[in-house]
Amino acid sequence: MPCALCRISTDLLKQIRTEKTYSTEAKSTGHVTLTITPNVRSTEDQFVSEVTDDWSDQVQRALQRVTVEHLIWLVIFLLATISRFWDLGSRALHHDESLHTFYSWAFSEGQGYSHHPMMHGPFLFHINALSYTIFGASDFTSRITVAFFGIILVMLPWLLRGRAFLGQWGAIATSVLILVSPSMLYFSRFIRHDIFALVGAMVLFIAVVRYMEKPESRWIILAVGSLGYVLTTHEVSFINLFILGTFTGALILYRVIPVALALIVGGVLLFLVTRSVLDWTGVGSIPEIPWQEPSTSQVISYLSGLMTHPVVAAGIAIATGVVLAVVWLLDRRRDHDMGWIEGTLGASPEGTTASRFALALHDGRAWLIGAAVGGGLFVLLYTSMFSNLGGLGSGTFGALGYWLGQHDVQRGQQPWFYYLVLTPQYEYLAIAGSLGLALFLAVYAWRRRGMSLETDRRFYTLALTAYWALMMFLVLSWAGEKMPWLIVHFLLPMLMLAGAVIGLGIEWIERQSEEWRANLANDALYTGLPFGLLIVSTFILLTWASAGPFVEIDGRLQRTIRDDVPFTWWIVLLPALLGLLTVALMAIFRGFRHTLAVAGGTIVALMLVLQVHAGWNMTYRDGDVPRDMLIYVQTSPEVHRSVRELERFSHEATGSMGLEVLFTGGSQWPLNWYMRDFTNRRLISEIPEEPTAPFIFAAVSEIGDDEQQRLANYSYVEFPLRWWIPEDNTYRRFAIAPELNTEWRQNLQTDDPPPYSLGDVLRSIGRSVGSMRNPEQQGRIYRLIVHRELSAPIGGYGLRLYVHPDYEHQFLGLRYGHRAEEE
Amino acid sequence: MQDTRSASADFTDESARSSTLDRRIDVSSLSVQSLLWVGVLVSALGVRLIGRTNWPLSPAESMIARDAYALVNGEDLSGLAASHPATVQITAIMFFLFGDSDYTARLAPLLASLGVIVVLYWMRHRIGTLPALSTAFIWAVSPVMTMSSMRIDGGMLLVLANLTILALVFSMSVEPGPGKPVMLGVMLSIGLTAHPLGWIFSTLVLVLAVLMVRDPEFGSSLPNVLIGFVVTFIIVTTHVLTRPYGIIDFFRESPSSLWTEHVQTIGSGWNLTLIAMTIEEPLALAMAATAIILVLLRVNWGSSTPPALIIACAAWLIPSLTFGFLLGGQGPALYAAALFPLALLGGVGMSMVVEATLASGFQWRRISVAILVGFLLIVAVVRLADVLTIGPLDDPPGWVITLLLLGLLILLPLFFIAVRLMRDLGLAVVPMTLLALALVLGLFSLRNSVLLPTTTQERSGVILVAGSSAPSVAQIERRIRTYSGDTTRYVQDVRDPTGGHGLVIVVDAMVSAPFAWYFRDFPNFLEVEDLGQFDPEFPPDVVIATRTSGEEFVQARDDYALVEYALVRQLPPSLQSTNVGAWLNPANWRDGIRFMLHRDTATAVEFERFALILREDHAESFWGSVPD
């Protein structure tokens with residue numbers, strides 16, 4: 001039945017049209033446009049009409065070109081915007097966040113900014129200062145810049161939709177995975193440098209692979225420009241450059257002079273042997289980097305000590321030897337009539353890294369523009385708009401020195417297996433997908449052995465991504481300082497690999513016949529659905545079986561499994577076994593390919609659900625409650641509440657923000673930020689002899705007998721300033737970590753004293769894995785991962801808000817607090 | 001030298017075939033109709049998002065939410081999970097994905113409510129685009145449906161299942177296939193397990209739909225229907241095969257619940273269904289009456305709607321309304337299930353009115369003016385009635401001036417314009433007047449829907465919110481939570497790793513709902529049959545009880561203090577029975593109009609109350625002083 005409304009609309013249109021005459025004219029472009037030609041019309045009218053028609057014609061044509069892919073990207077963009085911006089200001093600022101925001105705010109207030117390596121690159125401070133200048137300073141506006149870059153990160157795979165890269169489906173899948181990745185979501189709403197650095201690294205990566213596909217100047221400009229940008233974000237960019245450099249360098253050397261690779265490997269081995277020998281002879285350790293505000297003389301003394309140290313000297317000698325040998329070999333092999341570039345790289349087959357490198361070297365103009373953009377940004381930001389020329393030094397050697405120095409400091413004291421136990425709790429798809437793709441690439445390369453894979457663009461892209469993920473993971477696991485936010489740096493390439501494998505799967509399905517796909521739909525319904533339901537059933541059963549009573553074991557209250565779990569514990573896995581049986585039967589009756597597609601799709605869907613569960617709860621519900629390993633340490637929401645109460649009280653008492661508030665050094669982060677609007681705030685080094693201020697914040701650790709005496713007539717409320725996940729009772733027991741500086745933290749599993757050998761470490765892993773045979777342990781691990789049920793209370797760093805007797809009655813009406821005199 | 005043959009042909013170019021992603025979607029051809037559908041969907045969503053949690057979860061809702069929470073966390077389930085398994089599971093999915101809160105608890109009915117519009121969109125080829133769109137419009141602004149989409153009682157899920165059953169039966173008769181019968185079975189099972197009323201309403205819609213379609217092939221689809229039904233039923237009642245005894249529990253609990261809540265009290269609340277239909281759904285009622293009258297008078301108005309559709313809708317409406325009047329346990333679930341056919345019939349009627357107006361051959365400008373005048377006229381008449389019913393109060397001159405202004409300056413000119421237009425319009429005057437009426441009633445329904453969540457405006461006669469928990473429940477919960485956080489922040493163990501939930505809360509089983517839900521994360525929350533049951537060595541900090549048991553408790557223990565708070569909103573006594581004769585008495589019309597327009601009742605709304613009892617040391621901090 002035709003729609004009456006539509007009919008009326010058509011009638012109406014007809015009616016209007018009868019009042020005018022129409023003519024069509026063919027344009028040179030070949031398309032036909034409808035032009036209104038009234039009987040009498042001025043030239044001006046004609047011009048306006050033509051312009052309008054042209055414009056509307058273009059819009060019309062653009063709308064006609066919209067594809068399913070465009071709509072999917074639009075939905076992804078909308079979801080990214082909502083997920084990154086929604087409720088952005090509700091979580092209290094983390095200690096590090098408050099440092100970043102406070103100095104950005106000070107910068108925006110005209111108090112200047114000087115780069116310090118401790119707080120990484122200057123980009124964050126500049127862009128946040130801009131945000132405060134435009135939108136004002138608040139927790140929300142502090143995070144909008146990172147949220148904005150979070151959206152860019154989600155959308156960047158759009159540039160890799162080509163068949164030479166991730167493919168259309170692969171790019172979409174990657175974007176979706178970034179969108180729902182709990183780690184990416186959480187840290188896209190956390191004002192740190194990591195997302196800024198990640199966007200730069202991704203752009204650099206895109207520029208390289210795009211140039212490899214089609215050598216155009218714009219990619220060189222983008223690569224060099226983004227190089228300057230990434231260096232203004234975070235020192236992890238040095239690792240990214242190392243990864244990119246070693247990958248492309250190795251491929252170039254492989255083409256030009258393969259023996260050089262052997263020379264380099266030999267040089268590294270020789271250095272390791274030399275170092276061992278020197279260590280054995282009793283040569284002292286390499287001098288420690290003076291990372292903490294070094295004076296010029298300290299730096300000179302360090303450098304002279306470093307350069308004269310036998311290990312370093314031997315390293316320099318070996319490296320020089322290798323370089324000279326490579327140059328000598330190159331010189332011998334090159335065509336001397338063609339110069340260095342053409343002579344060495346010119347003979348490389350078209351499409352290889354070496355040939356592209358040669359092409360790029362010839363494009364001096366692009367390098368110049370890129371260098372001007374990147375270099376300009378670097379100089380502008382590191383010198384804080386030319387106000388601190390020393391920033392150029394602190395941003396390069398200073399930053400490297402500081403963070404290499406931090407390697408030995410081991411801030412956070414995280415063990416070598418930190419990322420190994422962190423990642424599987426959140427990033428199921430990234431792990432499964434990247435391992436799957438690595439396997440696929442290996443099989444693919446094996447089946448095409450003897451053929452050049454370097455010019456297979458998609459293989460090249462994925463191989464570089466896999467190398468990026470692996471190297472970043474290894475370097476960050478080796479680094480002394482391991483923090484949860486660093487996970488995103490190896491996670492991004494892992495997500496790209498996972499997205500690629502999903503994309504390849506969908507492409508493969510699309511290539512099958514209509515009939516095959518129709519059968520697949522049936523199989524998905526009749527086998528995939530039961531399989532998925534049986535897995536869900538396993539989860540529900542595990543949840544039920546592991547929800548036993550809390551019992552005191554070894555002096556600690558612990559969750560146990562249910563007493564009424566029938567027969568034995570393994571029976572809860574029965575649905576999963578039935579699910580596997582379903583899949584096996586399908587494989588027998590319907591073939592391996594159908595089974596792979598159906599089971600793979602089901603598993604991906606279930607993992608997505610699990611990631612949404614993990615990410616949503618961590619980000620929007622418990623963002624500042626450290627039940628999650630990824631949250632690690634957070635400012636408690638009580639700080640937010642106290643500040644709101646003081647603001648309210650200040651308005652009531654003074655009519656503005658003039659309330660006098662003192663706060664001690666132990667509480668200055670994040671209070672420097674939260675107290676910024678109190679005009680009578682004061683950071684104090686100790687509690688005054690006879691305090692009179694209405695309100696004083698002091699960390700519990702700073703209150704000794706003397707301070708208690710001075711504050712005797714004050715009342716106080718106490719709450720956690722920061723709180724953290726009970727790591728000693730959770731993941732730190734997984735294995736022995738002999739590399740840690742703090743002895744007692746090396747081994748939380750047994751009473752064996754240090755030192756620990758490799759065998760001890762392996763045995764400790766064995767014990768952890770072996771303990772999983774115990775149903776109680778399985779239950780606890782399950783509840784930790786799926787329900788974030790901790791096996792110990794969270795730890796905290798207490799803060800007290802002291803209230804002067806004159807204000808006590810008024811203020812304590814706002815909350816139910818402790819009173820000092822009651823103690 | 002390495003082989004430089006490229007492998008790209010096998011990897012990069014494999015996807016050279018065109019992809020689904022490249023399929024064009026001609027956005028430029030989006031019709032007015034598409035925009036109207038989107039508009040209705042967005043409006044429905046907007047209306048349903050306003051103040052969704054202003055009313056805390058009612059005791060009945062909280063029990064479903066508590067069960068869903070228990071399912072997510074592996075705890076034991078109550079009997080309610082057996083009688084409403086589908087509702088509990090869908091709520092549990094929302095909790096698992098988005099965390100447990102009042103808002104997420106009510107997400108499932110919201111999605112089901114939007115699902116109804118999607119099914120109507122799908123049905124447009126069967127019942128006609130305009131009837132489907134009109135039904136969706138009525139649905140979007142309907143207060144009954146809006147309330148039902150804010151309640152986790154399974155009512156909205158039941159309505160969605162019923163409509164889908166109808167759509168599937170219609171569709172199967174035109175485009176048979178194996179998938180639809182299976183889906184029909186699935187929906188039948190969902191309807192049955194969403195709410196005990198599914199036994200009546202889902203069966204009714206299935207039987208009627210089959211009778212209406214009279215598809216001889218339907219019998220051959222029965223095995224597939226049965227497969228879909230049995231498989232879904234087993235999965236849902238056993239909570240995805242994890243509680244095998246769930247099937248037996250369902251057969252015990254669901255009919256028992258149907259009996260005790262609805263059948264046993266048969267005929268007890270017929271007047272409430274009548275009020276819900278006439279007062280809350282005047283748009284659907286007026287348009288449905290129009291459709292029926294047109295069919296009875298055999299007037300066509302050039303409408304393309306087949307009379308058979310109207311008869312079919314009426315055939316569904318009559319038994320549905322009969323059950324709605326007869327069954328007890330009135331509430332949004334029953335209203336929604338019983339009145340949905342009215343919305344459908346109203347949609348059909350409204351589509352006839354719209355079609356007749358558009359087909360009248362008049363230009364848009366005149367049609368718009370006529371509808372606008374009709375609309376203003378109706379509003380002015382209603383306003384005049386309102387002024388008349390309020391009476392002069394203490395300002396007779398002002399009242400008279402208002403009446404004169406309203407009558408002379410607004411009503412009279414509008415009346416003359418209307419007469420003039422009527423003369424011009426000829427036969428089209430009736431549909432145009434009806435359309436204006438629909439517009440007024442639509443706005444009136446929209447207003448009533450938007451005002452449903454209001455808790456600060458006294459609208460004692462809104463029967464749809466009867467049974468809701470009072471806002472004080474959520475306020476007290478927040479205060480106790482804050483108090484507990486401030487006083488027990490450092491009382492931590494693995495059951496409460498963050499600390500702050502250290503208060504010992506004992507609740508009388510008679511009022512455990514909704515408090516068992518609201519204090520679900522307090523490890524020392526204890527539900528008791530007898531308040532004297534707790535361990536004297538471990539005295540409760542907080543006791544929540546009925547008024548009677550609370551007073552007895554405080555009399556026995558002088559170290560506790562008690563304050564009463566509102567718990568559940570009840571019907572005002574004047575609405576608990578309806579005297580139809582009184583409605584016909586002109587002396588009561590004024591009150592009647594006040595009730596219709598403002599939901600004013602003769603008696604104020606009443607609340608069931610609960611006793612909050614605190615130990616003396618807490619009482620002073622909590623209340624500022626210890627109450628007598």
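Modeller: Let's start with a cut-off: buried means under 20% relative accessible area, exposed means over 50%, and partly exposed lies in between. Please keep in mind that this is a predicted model.

Biologist: Thanks! Which residues does helix 2 of chain B carry on the face turned away from its buried side?

Modeller: Let's find the buried side first: B:Gln33, B:Trp37, B:Val40, B:Ala44, B:Val47 and B:Arg48 of helix 2 of chain B are buried. Down the helix axis these fall within an arc of 100 degrees, so they line one face of helix 2 of chain B. The face turned away from that side carries exposed residues, namely B:Leu35 and B:Val42.

Biologist: How far apart are the end C-alpha atoms of helix 2 of chain B?

Modeller: Helix 2 of chain B covers residues 32–49, which makes 18 residues. At 1.5 Å a residue they should span 26 Å. The distance between the end C-alpha atoms agrees with that, at 25 Å.

Biologist: Which residues make the contact between helix 5 and helix 13 of chain B?

Modeller: Helix 5 (residues 85–98) and helix 13 (residues 218–237) of chain B pack at an angle of about 65 degrees, with axes 9 Å apart. Their crossing is left-handed. The contact is made by B:Pro85, B:Ala86 and B:Gln89 of helix 5 and, from helix 13, B:Ile235, B:Val236 and B:Thr237.

Biologist: By class, how many residues of each kind has the contact of helix 5 of chain B with helix 13 of chain B?

Modeller: Let's sort the residues of this contact by class. No charged residues take part in the contact of helix 5 with helix 13 of chain B. The others in it are 2 polar and 4 nonpolar.

Biologist: Over to chain A: is A:Ser434 buried or exposed?

Modeller: A:Ser434 is found in helix 20 (residues 428–447) of chain A. Leaving out residues up to four places away in sequence, A:Ser434 touches A:Leu429, A:Met494, A:Leu497 and A:Ala498. Because its relative accessibility is 8%, A:Ser434 counts as buried.

Biologist: What is the relative accessible area of A:Phe386?

Modeller: A:Phe386 sits in the loop between helix 17 (364–382) and helix 18 (391–409) of chain A. Its phi is positive, near 65 degrees, in a residue other than glycine. A:Phe386 is exposed, with a relative accessible area of 56%.

Biologist: What about A:Asp87, what is its relative accessibility?

Modeller: A:Asp87 is placed in the loop between helix 3 (68–85) and helix 4 (95–108) of chain A. Its phi, near 55 degrees, is a positive value in a residue other than glycine. A:Asp87 counts as partly exposed, because its relative accessibility is 37%.

Biologist: One on the backbone: what is omega for the peptide bond from A:Trp669 to A:Pro670?

Modeller: A:Pro670 lies in helix 27 (residues 668–674) of chain A. The bond from A:Trp669 to A:Pro670 is cis, with omega near 15 degrees.

Biologist: Which residues does a cis peptide bond join in chain B, with omega about 10 degrees?

Modeller: Look at helix 23 (residues 512–518) of chain B, where B:Pro514 lies. The residues joined by this cis bond are B:Ala513 and B:Pro514.

Note on methods
Residues are numbered from 1 along each chain as its sequence is written. Chains are lettered from A and ligands numbered from 1 in the order in which they are written. This is a predicted model: local features need pLDDT of at least 70, side-chain atom pairs count only at pLDDT 80 or more; totals for chains, interfaces and linings use all residues. Side-chain values use heavy atoms; hydrogens and water are left out. Helices (H or I, at least four residues) and strands (E, at least two) are DSSP runs, numbered from the N terminus. The expected span of a helix is 1.5 Å times one less than its number of residues. Buried means under 20% relative accessible area, exposed over 50%, partly exposed in between (1.4 Å probe, protein chains only). The arc is that of the directions from the helix axis to the C-beta atoms. Axes are lines fitted to C-alpha atoms, for helices over the stretch in contact, and angles run from 0 to 180 degrees between N-to-C directions. A crossing is left-handed if the near helix is turned anticlockwise from the far one by less than a right angle, and right-handed if clockwise. Contact means heavy atoms within 4.5 Å. Ala, Val, Leu, Ile, Met, Phe, Trp, Tyr, Cys and Pro count as nonpolar, Asp, Glu, Lys and Arg as charged, and the others, Gly among them, as polar.
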